[in-house]
Amino acid sequence: MKRTPKILYYVQHLLGVGHVFRTMRIVKILVQRGFDVELIYGGEKLPQFDDYGAKVHFLPSLVTAKGDFSHLLTAQGVLADDQYKCDRRDRLLTILAQAKPDIIVTEAFPFGRRQMHFELLPFMEAAAAMQKRPLIFASVRDILQEGNKPSKDQQTVALLKTYFDGILVHADPNLIALDATFPLTEEIATLINYTGIVAPDIIPNLSGVVPEFDVVVSVGGGMLGRELVSAAVEAKSGSTMQDARWCVLTGPFMDADFSRQLFNSDIVVREFLPDLPQVLAGAKLSISLAGYNTVADIMAAGCRAIIAPQWNDKETEQLRRTQLLAERNLVEMLSHEQKNPENIREAIRRIMQAPPPDWQSIDTCGAHKSADILEKAYLTSRQKQGR
């Protein structure tokens, strides 16, 4: 009798929401492939969250204040004390013991989520000590946070060598490889599996149910997107797309007062569109930040894109991603000082006159390839154990 493999997937978002959406794209495919998936979800629950048939364990929520990753806050906005953390850790260990997974996948850890070591290190130790030890994989995006102290990178390598059987790197190495942002890649080379970009599968909008817009302005979760939204809304008037159908997606964490002001414009305003990739597939232009999932949506949709990355001295991921795409003439990039109506109007003019971008040159099968890698690892492990 064929046994259904079980995967226990850990995801914790602290500020943005990209980690959750990327995880759920993979979870969706795993469930479709017949895996028994349980998801451990540690951040604030997102509106319109779809579990795709996975069993979800919501841990007591932990988030960070904007720009401050040194303090963990509860859902009530108060500092998480030791007891709160201990309760989470114990809940996590209980889930592990009850689930008895064949495979564990940790999103970001150990490349990130150092704030969560209080629960993840005991979790790793408990998993490694199980009678039937599960395979353990790390799941990581294309571009890591740069500028870490060497000791942090060395700690990451040590954890990988101690506990992990593989790494799912959600990147196309022909665009950017892990060694571009992780200096100790050679030491973990045998663990690395490139999946391609985790982009959505786009279903043609034949029913007419999916709303249609010509220009879509999106800023991920919305916490960092107010400046771009404000400039883009003002840029509509006088642009070559002023008579087009515009939609602004504010995200669930956009300032509420600012969002209400947008409803006075002639632009359709939504907090969230569950079918955003399909909407983009029917659009002529996307204006957005450069988060992983936003760019993955654009790649899958194949539309033209103006991208204004968020970055500072410490956070360079979006800048690096946008530069790579701009160098290939796939997007128009706006720097911080260019994020104003005049420059957006000019960027619209340029990109609408340029040839359509060749997004097919980038591997966007990351969700399916992730499932392939995990399935192969599971079957190989079963064969070695003679089961």
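1. Setting aside neighbours within four places in sequence, L8 is in contact with E38, I40, I95, L96, A99, P101, I103, I104, V105 and F123. This is a predicted model, and the points that follow should be read with that in mind. L8 itself lies in strand β1, which covers residues 6–11.

2. Is L8 buried or exposed? Its relative accessibility is 0%, and since anything under 20% is classed as buried, L8 counts as buried. With regard to position along the chain, L8 and K55 are separated by 47 residues in sequence, while their C-alpha atoms are 9.5 Å apart in space.

3. I103, one of the residues that L8 touches, has its own set of contacts, which, with neighbours within four places in sequence left out, consists of K6, I7, L8, F35, P134, L135, F137, L374 and Y378. I103 also belongs to the largest nonpolar core, a group of 59 residues in which L30, I103, F137 and L325 have the most contacts inside the core.

4. E119 deserves a point to itself, as a charged residue placed in helix α3, which runs over residues 117–128. The relative accessible area of E119 is 0%, and the residue is therefore buried, the limit for that class being under 20%.

5. Which side chains make polar contacts with the side chain of E119? One is the side chain of Y10, at 2.7 Å, and another is the side chain of R88, at 2.6 Å.

6. The last point concerns a pair of helices, α1 (residues 18–32) and α8 (residues 292–301), whose axes come within 8 Å and cross at roughly 45°. At that angle α1 and α8 are neither roughly parallel nor roughly perpendicular, and they are therefore described as oblique to each other. On the α1 side the residues involved are G18, H19, F21, R22 and R25, and these meet Y292, N293, A296 and D297 in α8. Sorted by class, the contact between α1 and α8 is made up of 3 nonpolar, 3 polar and 3 charged residues.

How values were computed:
Residues numbered from 1 in each chain as written. Predicted model: local features only at pLDDT ≥ 70, side-chain atom pairs only at ≥ 80, totals over all residues. Heavy atoms only, no water. Core = buried A, V, L, I, M, F, W, Y, C linked by side-chain atoms within 4.5 Å. Buried < 20%, exposed > 50% of the residue type's maximum accessible area, 1.4 Å probe, protein only. Contact = heavy atoms within 4.5 Å. Axes fitted to C-alpha atoms, helices over the stretch in contact; angles between N-to-C directions. Helix = DSSP H or I, 4+ residues; strand = E, 2+ residues; numbered from the N terminus. Parallel < 35°, antiparallel > 145°, perpendicular 65-115°, else oblique. Polar contact = N/O pair within 3.5 Å; in protein donor to acceptor, adjacent residues only side chain to side chain.
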